[in-house]
Structure formats: structure tokens, C-alpha cells
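Here are my notes after a pass through this one, in the order I'd take them up with you at the screen. Have the model open as you read.

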Amino acid sequence: MHDAGVDSETAAQRRSRVFWLLIAVAVIVLDQISKYFADSNLDYASPIEILPVLDITLHYNRGAAFSFLSDAGGWQRWFFSVIALAVSAYICVWLMRLQRQQWLLSLALALVLGGAVGNLWDRMYYGHVIDFISVHWGTSYFPTFNIADAGISVGACLLLLDMVLNPEPKKSA
């Protein structure tokens, strides 16, 4: 005979894991829909002002963050794809091992996972990542980014916050 408390906790843990994976899927879907509309409706490198500090501008990034290695000759597409696959697999395993009480860490990982897979899809399907959000102040521009990049960035900030709020207990010698 099974203990009802153990079964309900197992079910709650399973629902929690599915919820966080659905958050990652939501990031991927929002990212891909927004990139489709940007790529289909915008002229390349022709900004449309939304606010004095925000433009929508279509750009293709063949490198990594901030176009790092974008002119490296093509090998970087596969290099960054392998890294994204490995990191995504690691995050999936990590996410599945977390307790449901670790919601901040779970949210952070789900956002990073969704962003990584969203950009991985672009890299594999198009050979580049589609960026379209351009933030600037006067003539100073932040590199153009997308929803996946925002998910990765917010997730990374939440990871840091979780480290501050929930430090690992010190192990005794």
C-alpha cells in the first residue's frame, strides 16, 4: 500500500516540472512568433521608432552575444549550436532535479532554457539569429536583441538573485 502523502508530493513535483518546461516553451513560442513577424514585415537595418529610446530594427546575428565572432567564416554557427545544445540539456537535467520549493531558480532556468532553444532554432534553421529590438540613448545604441535574448538575460539576473537569497549551506570540513 502506498502512502497518500508521498504520492501527492510526487504528483505535485511532477506538475511543477511540467509548469517550468511550459514556461520555457512559452518563451520559445513568443520568441519565434516575434521573429517571424519582424523578418516578414521589416526592411533590414531600417529602424522604426516606437519610443525615443526604442526602435524596431531587423538585424541578423551570425555570431554570439553582441555579434561576437559574427565574421568568423561560418564555423561559429555550429560551435554556438553545440554549446546551446549542451547547455540546454544540462539545464533540463538541473531543472528536473530541483524541488518545487525552488521556484526562483526554476523560473531562472526556464527563461534561460527557452531563450537558448529559441536562438538555437534560428541558428540551425536560418544560419543566423534574428534580432529586432533596438534600445538607445541619443546616438548610443545597445546591441539589437530579441525575446530569447531577453529571456536569457532576465534568467541570468534571476540566477544571481537566487544565489544571493538562497546561498548554498557551508559544508563542514
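Predicted model: local features only at pLDDT ≥ 70, side-chain atom pairs only at ≥ 80, totals over all residues.

**Notes on the model**

1. Let me start at one pair of residues in the sheet: Glu49 stands opposite Asp55 in β2.

2. Now follow Asp55 across to the next strand. Its bridge partner in β3 is Ser134. Here β2 and β3 pair over six bridges, again in the antiparallel sense. As a reminder, strands of a sheet pair through backbone hydrogen bonds, either parallel or antiparallel.

3. What order do the strands of the open sheet take? The four of them go β1-β2-β3-β4, with antiparallel pairing. At the edges are β1 (48-51) and β4 (140-141), each of which pairs on one side only. Two bridges hold β4 to β3 (residues 129-137), and these strands run antiparallel. If you want a spot to look at there, Trp137 stands opposite Ser140 in β4.

4. Stepping back to the whole chain, the protein has four helices and four strands. Read from the N terminus, the elements go α-β-β-α-α-β-β-α. For contacts between residues at least 6 apart in sequence, 65% join residues at least 24 apart.

5. The protein has 173 residues, and 35% of them count as buried. Its accessible surface is about 11000 Å², with 68% of that belonging to carbon and sulfur atoms.

6. Is Thr57 buried or exposed? Thr57 is part of strand β2 (residues 54-61). Its relative accessibility is 5%, and the cut-off for buried is under 20%, so Thr57 counts as buried. Beyond its neighbours within four places in sequence, Thr57 is in contact with Ala45, Ser46, Pro47, Ile48, Asp131, Phe132, Ser134 and Thr144. Ser134 in that list is also the β3 bridge partner of Asp55.

7. The largest nonpolar core has 10 residues: Trp20, Ala24, Ile91, Leu95, Leu98, Leu105, Leu109, Ala110, Val112 and Leu113. Helices α1 (4-41), α2 (75-97) and α3 (103-125) are the elements that give two or more residues to this core. Of these, α3 gives the most, with five residues. There is also a second, separate core of seven residues, among them Ala38, Leu58, Phe132 and Ile133. In soluble globular proteins, nonpolar side chains tend to be buried together.

8. Leaving out neighbours within four places in sequence, Ala110 is in contact with Trp20, Ile23 and Ala24. Val112, which belongs to the largest core, is in contact with Gly151.

9. Which residues does Gly151 touch, setting aside its neighbours within four places in sequence? They are Leu111 and Val112. Gly151 sits in helix α4 (residues 147-165). Its relative accessible area is 8%, against a cut-off of under 20%, so Gly151 is buried too.

10. If you are looking at voids, the count comes to one cavity of 30 Å³ or more. The largest cavity holds about 30 Å³ of space. Its lining consists of Gln13, Ser16, Arg17, Trp20, Leu95, Leu98, Gln99 and Ser106. Helix α1 provides the largest share of that lining, four residues. Note that Trp20, Leu95 and Leu98 are lining residues here and members of the largest core.

11. Last, a pocket. The second largest pocket has a volume of about 190 Å³. Trp94, Gln102, Leu105, Leu159, Asp162, Met163, Asn166, Pro167 and Glu168 line the second largest pocket. Helix α4 makes the largest contribution to its lining, with three residues. One of the lining residues, Leu105, is also in the largest nonpolar core.

Note on methods. Residues numbered from 1 in each chain as written. Heavy atoms only, no water. Buried < 20%, exposed > 50% of the residue type's maximum accessible area, 1.4 Å probe, protein only. Contact = heavy atoms within 4.5 Å. Areas by Shrake-Rupley, 256 points an atom, 1.4 Å probe, with all protein chains shown as cover. Core = buried A, V, L, I, M, F, W, Y, C linked by side-chain atoms within 4.5 Å. Pairing = 2+ DSSP bridges. 1 Å grid on protein atoms, 1.4 Å probe; cavity = no way out; pocket = protein on both sides within 12 Å on 5 of 7 lines; lining within 4 Å. Points joined across faces, edges and corners; volume = space filled by probe spheres on them.
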